[in-house]
Amino acid sequence: MNFDIDCFFPDENQDYGDSGKASFEEKRPLYLAAGKHFLELYGKDIFAAHLGGASGEWVARNISVLTDTLIRKLFRSIASDLNRMSRSRESITLVATGGYGRGEMNPYSDIDLMFLYSGRDSRRVEDVANKILYFLWDMKLDVGYSVRTISDCIEMAASDMTVKTALLDTRFLAGNRALFNELRKITLSHLMTKGSDAFIRQKVSELEQRREKYGSSVYLLEPNIKEGEGGLRDLHTALWVAKVKFKVYDPRELVMKGVLLESDLETYYSQLSYLWRIRNELHYYSGRKNDQLTFDAQNDVAAFLGYKNSCKVLAVEEFMRDYYIHATKVEQFWSLIISKCLSHEDTTQKILGYFTRRPIGEGFFALRGELTVHSEEFIRQDPSRLMKIFEYAHKHGISLSMQTREVVRRNLYLVNDKFRRNKEVNQSFFNILRSRKGVAETLRMMHYLGFLIRFIPEFERVYCKVQHDLYHIYTVDTHSLFAVEELVKLWNGDYRERLPLLTGLSGEIDKRELLLLAALLHDVGKGEGSGHAEKGAAMVPTIARRLGLSREDGERLEFLVRNHLLFAHIAQRRDLHDEKMIVQVARQLGNSENVKMLYLLTFADIKAVGPDVWTEWKALLLQELYEKVFSVIERGDFKFEARSERVKKVKRKVLDILDTEYPVAQIKDELKALSVRHLLSNPPEVLSDHVRMLLSLSGAKFVSKVDHEPDKGYSNYSICTLDLHGLFSMITGVMAANGMNILGAQIHTSTNGKVLDVLQVNSPQGFVITDENRWQKLDEDMRTVLQGKLKVKSLVEKRRRPTFLAEKPKPRFPTTVEIDNEVSDDYTVLDIFTHDKIGLLYRITSTLTGLGLYIGVSKISTKVDQVADVFYVRDIFGHKIVDVNKLEEIKRKLLQAIDQE
């Protein structure tokens with residue numbers, strides 16, 4: 001664009017009557033208004049072009065030119081106002097630095113200026129600087145500045161890496177060009193020649209520190225597009241080290257010197273433009289400088305870029321997948337530049353390296369802890385050597401050199417169907433999987449170089465695949481690789497003390513390579529939309545045949561992928577005291593090896609979702625399910641002992657425990673009133689405690705007890721009272737009002753009108769609540785509500801008082817209610833999926849009470865901001881709900897209650 005600034009500003013030479021020419025200060029108000037009008041008018045034109053599809057590069061360059069035009073105009077106006085104008089121009093140069101120096105200005109970017117002067121007329125230089133700076137600040141622009149001589153630059157650059165880096169991005173704006181050329185010359189001869197290797201090492205170190213702060217993975221939920229891995233700063237750093245190593249200013253000189261191919265440079269510029277376009281939209285969207293792709297911003301950018309929802313994927317997920325693919329390319333470009341810098345070593349080092357490299361087999365060498373190949377042609381002669389690269393590096397515990405990584409990338413086209421069915425290639429792959437150490441690291445390197453998705457093309461469907469929620473913090477492919485790593489940690493004994501059962505079971509698996517493959521492939525169906533377990537399982541037979549697996553191994557791999565959600569689903573959302581269901585699960589799994597492998601795969605899947613997703617509560621539920629199913633399978637008859645006999649045994653044991661504490665008749669009466677489910681769901685010692693509470697109720701209307709389980713991360717809160725309509729709803733409301741999180745609840749109603757509910761409780765942050773004052777307050781509120789002196793609704797509303805602090809936007813998904821009348825003989829099961837909010841459980845339970853339903857079992861599962869609550873319910877006659885109209889009413893009223901604001 002052409003920016004005509006003269007039509008906005010008054011003529012510098014205009015005569016102002018008797019006073020003659022006005023000074024800059026006298027014209028300053030006019031200049032300020034003109035400058036604001038100039039930026040506003042042309043800024044709107046640039047914004048319109050942005051909305052119309054202008055590239056990120058076009059917008060960034062034109063904002064830079066717009067800024068240049070304004071600043072040059074100011075400089076000329078101020079210089080003409082000073083006496084001895086020619087002398088001023090000789091002594092001062094206005095230099096753009098940083099992103100502005102590179103000509104990369106986004107809508108709200110900082111403007112970095114250096115006032116370079118010869119060392120003379122420092123007061124005049126200061127006067128010019130102050131006039132320009134205060135003018136720009138009054139225009140509400142973010143301006144950083146420095147005032148330096150060339151000697152200052154050299155001295156400071158020698159001790160300050162930030163200054164040295166800034167000098168690589170300088171650009172002439174106005175003033176004495178000869179002075180600027182002298183700075184460039186000295187920068188090239190002094191700063192780019194001395195200590196270039198140290199500069200590169202420092203920049204690599206800075207990059208690592210930056211990743212620790214902003215995230216060490218490309219695949220973060222809310223990436224920082226400037227400072228995060230795969231962001232703009234990676235591209236800047238790549239260019240800085242290349243400039244210093246190869247003594248260039250213009251990136252195109254790297255092609256002329258044979259350092260980069262034309263296609264490499266095209267990649268650099270296309271990635272810059274892509275990231276600039278997103279950054280431009282972030283700035284316009286936020287109305288300020290902003291580099292964080294937050295959840296709400298992701299939706300905006302996706303819509304801006306034209307992404308649409310489809311039946312398989314959300315628009316925002318498709319956008320973020322593309323973003324991660326671009327970020328990966330940026331990171332790979334950075335690695336390429338470092339590889340080029342390190343490969344240009346002096347002759348002495350190369351000769352010395354030749355004599356110190358160590359042969360490790362089949363034409364591969366180890367040099368300074370890295371695997372190298374003597375030529376690229378060596379790989380092309382026998383493509384199977386591509387897999388051998390990883391096998392030998394894995395076997396010797398060494399990494400791949402930068403040059404070897406580039407060899408792999410350039411020869412990925414050799415990985416075709418013939419390669420994938422090659423027995424030697426597959427043998428090498430399984431040798432890696434069967435190894436005890438380094439498996440996850442080797443698979444990650446395969447994936448990082450693009451080899452894994454070539455070797456297993458089905459895995460490409462989940463490459464950088466995003467799930468737009470707070471629960472899944474990694475992309476699907478990264479999550480799958482972490483699942484592999486979790487299994488390897490079990491085998492290596494990393495969890496021996498915390499998870500002894502799982503650690504022991506991992507050592508009993510006959511074919512660990514199958515389990516690792518299952519972990520790698522368990523989510524491969526997510527690239528095809530909903531129902532990913534079935535869709536992934538359908539892909540397995542083809543993969544298994546290609547890899548040369550036996551029919552039995554292929555079928556087991558397919559079984560594991562198809563059923564990888566089963567264990568978590570049953571453990572967290574079904575009644576583990578339902579004997580019929582346990583037998584059904586045992587029949588479905590078939591044998592003990594399947595049970596062990598599925599239990600281990602479930603652990604790895606959950607653990608790999610994120611650092612805090614695996615909890616002691618989930619561990620207990622999964623272990624309980626495993627032990628019950630394994631017991632049925634080991635017994636072999638898929639039957640339980642007759643219930644009547646088991647009930648008699650339990651009652652006798654409770655009588656033996658309590659016979660010295662209470663009259664036998666009282667104990668028998670209380671046991672007779674207990675439901676069969678209550679008797680068979682708890683060991684005799686626990687039932688004895690329950691009977692003690694029930695018997696103590698005769699002298700009180702309310703009895704409670706708290707047992708802390710610090711190792712398990714929760715407390716058992718037992719409450720005993722007389723049955724009331726909507727009792728469980730009252731309990732959940734009081735708990736919510738007191739800021740207590742319910743993990744699960746066992747609800748026991750005796751035939752004599754007494755109720756004993758046991759709730760597993762912790763804080764919303766996942767900690768055990770040990771403050772006795774909080775428990776006393778809970779009991780006081782509970783007693784007041786149960787006595788009818790206080791409405792539970794008012795307690796909950798008080799807890800939900802509005803806050804003036806803005807809540808961070810989160811992904812939103814519709815609430816769903818599913819009804820299952822098959823899984824239980826005695827109850828209708830309601831599965832509720834929604835977003836967490838204060839008082840949610842109270843809303844649900846009070847709605848169920850209003851519908852005339854009684855809750856028998858409740859299981860609460862919260863995944864960050866997502867809730868999966870399960871309720872086993874019956875009608876007032878103790879029957880399942882089968883009427884279609886009633887079921888529809890339940891669903892409708894639950895949805896209304898949950899979604900009301």
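What is the order of the strands in the open sheet of four strands with S5 at one end of the list? The order is S5-S6-S7-S8, and the pairing is mixed.

1. Basis of the model. The structure is a predicted model, in which local features need pLDDT of at least 70, side-chain atom pairs count only at pLDDT 80 or more, and totals for chains, interfaces and linings use all residues. Residues are numbered from 1 along each chain as its sequence is written, and side-chain values use heavy atoms, with hydrogens and water left out.

2. Confidence. The protein chain has an average pLDDT (the predictor's confidence in each residue, from 0 to 100) of 87, and 91% of the residues score at least 70. For residues 346–352 the pLDDT is below 50, and this stretch has two contacts in the model beyond near neighbours in sequence; contact means heavy atoms within 4.5 Å.

3. Helices H1 and H5. Helices (H or I, at least four residues) and strands (E, at least two) are DSSP runs, numbered from the N terminus. Helix H1 (residues 24–51) packs with helix H5 (residues 122–138) at an angle of about 40°, the axes being 10 Å apart. Axes are lines fitted to C-alpha atoms, for helices over the stretch in contact, and angles run from 0 to 180 degrees between N-to-C directions. H1 and H5 are therefore oblique to each other; angles under 35 degrees count as roughly parallel, over 145 as roughly antiparallel, 65 to 115 as roughly perpendicular and the rest as oblique. On the H1 side the contact includes Phe-24, Tyr-31 and Lys-36, and on the H5 side it includes Lys-131, Phe-135 and Asp-138. The residues of this contact comprise five nonpolar, no polar and five charged. Here Ala, Val, Leu, Ile, Met, Phe, Trp, Tyr, Cys and Pro count as nonpolar, Asp, Glu, Lys and Arg as charged, and the others, Gly among them, as polar.

4. Four strands form an open sheet in the order S3-S2-S1-S4, with mixed pairing; two strands pair if DSSP finds at least two bridges between them. Strand S3 (143–148) and strand S4 (171–175) are the edge strands, each pairing on one side only. Strand S1 (residues 92–97) pairs with strand S2 (residues 111–117) in the antiparallel sense over six bridges, and Met-114 in S2 is the bridge partner of Val-95. H5 lies across S1, S2 and S3 and runs at about 175° to S3. Helix H6 (residues 150–159) also packs on the sheet, touching S2 and S3, and its direction makes about 105° with that of S3.

5. The edge strands are strand S5 (358–361) and strand S8 (399–400). Strand S6 (residues 364–367) and strand S7 (residues 370–373) are paired in the antiparallel sense over four bridges; the bridge partner of Ala-366 in S7 is Leu-371. Helix H18 (residues 402–410) lies across S7 and S8, at about 55° to S7.

6. Helices H21 and H23. The axes of helix H21 (residues 439–448) and helix H23 (residues 476–491) come within 8 Å and cross at roughly 160°, which makes H21 roughly antiparallel to H23. Among the contact residues are Leu-443 and His-447 of H21 and Leu-481 and Val-488 of H23. By class, this contact has seven nonpolar, one polar and three charged residues.
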